[in-house]
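Load the model in a viewer and follow the stops below in order. Each stop gives a selection and then what is found there.

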Amino acid sequence: MAANSSETSSQLAWDKDLGAIPCVNPWGVPGAYTTLRLEGKASHPLFLEDHLARLEDSLARLQVTCPFDLDIIGEKIQALAATRTEDNPSLLRVSVLEERFQLETRPLPFSGHWMEGRLLPYVRKNPEAKSLDNQLFDHVTQLNRGSEEALLLAPDGQLGEGSTSNLIFVRGEVLVSPETNVLPGITLAKLLPALAKQYTVERRPVHLTDLPECTEILATGSGKEVVGFARIAEVGWRASAETVLHLACKLYAEIKSQYLSSRDA
């Protein structure tokens, strides 16, 4: 659910006494993580406060004791963001383990607004926590993450979330987004209230059998931001509209701009 460590452009880590140490491969280790988007030179990390709150919640759900004050983690994140000299966006992975925390960044090239969907029969053990799930990570590394996203398929046919995203299913004037047994997405939480001003939003399960009625399926997340699925080949589904996708991209760009402007004021 994030970049392979070999793809990172910078790596920083600290032990519980805040001494500098080498980064390790965090996948499969007890702990939690979050990924933030960095944009522009010396920029404020996007929605930093929300990411720290979710990180704290994930650690509690996973019963992992964090030896660090979250304010310290926030300060380290901001210090790293302040050293940025490039304009192109980056993705920052923040991993908190029992004895360390680490920051790893990687470039985030623009991959367009369309993805290919791939069904993946998989249910995360604790879906409401962002854990360092090495089994799911192994699946994700098999995808072309610039153009593909997996939709996690439960044994009962539920489509809850993407491997690195939350999902919005468009059925006419109704937008359906699963709310239970999924990670509470920060991008989704920012976007849905804005979309609800023009569409009816329902938070309920979606099943594979519902797909023929969907004209669009959107994926949202810190890296992808807002993208649409062009098709899901395994079930012969294809997007037949892009109205909500275009609106969602516009609205989310405005939300980001307002957030960053408020931090620069």
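The expected span of a helix is 1.5 Å times one less than its number of residues. Helices (H or I, at least four residues) and strands (E, at least two) are DSSP runs, numbered from the N terminus. This is a predicted model, in which local features need pLDDT of at least 70, side-chain atom pairs count only at pLDDT 80 or more, and totals for chains, interfaces and linings use all residues. Residues are numbered from 1 along each chain as its sequence is written, and side-chain values use heavy atoms, with hydrogens and water left out.

**Confidence**

Colour by pLDDT, the predictor's confidence in each residue, from 0 to 100. The protein chain has an average of 92, and 97% of the residues score at least 70. Now select residues 1-7, where pLDDT stays under 50. The model has 29 contacts (heavy atoms within 4.5 Å) beyond four places in sequence for residues 1-7. Where pLDDT is low, the predicted coordinates should not be read in detail.

**The open sheet**

Select E1 to E5 next: these 5 strands form an open sheet, ordered E2-E1-E5-E4-E3, with antiparallel pairing. E2 (20-21) and E3 (31-38) are the edge strands, each with a single partner strand, so one side of each has no neighbour in the sheet. Two strands pair if DSSP finds at least two bridges between them; E1 (residues 10-15) and E2 are joined by 2 bridges. Ala13 is opposite Ile21 in E2.

Axes are lines fitted to C-alpha atoms, for helices over the stretch in contact, and angles run from 0 to 180 degrees between N-to-C directions. Helix H2 (residues 70-82) also packs on the sheet, touching E1, E3, E4 and E5 (100-107), with its direction at about 30 degrees to that of E5.

**Strand E12**

Move to E12 (residues 216-221), where 6 of 6 residues are buried (under 20% relative accessible area; exposed is over 50%, partly exposed in between; 1.4 Å probe, protein chains only). Glu216, Leu218 and Thr220 point one way, and Ile217, Ala219 and Gly221 the other. E9 (residues 166-171) runs antiparallel to E12, with 5 bridges; Val170 has Glu216 as its bridge partner. E13 (residues 225-232) is also antiparallel to E12, through 4 bridges, and Val227 is the partner of Ala219. E12 and E13 form a hairpin with 3 residues between them.

**Helix H5**

Finish at H5 (residues 243-264): its 22 residues should span 32 Å, and its end C-alpha atoms are 32 Å apart, which agrees. Its buried residues include Leu247, Leu251 and Lys256.
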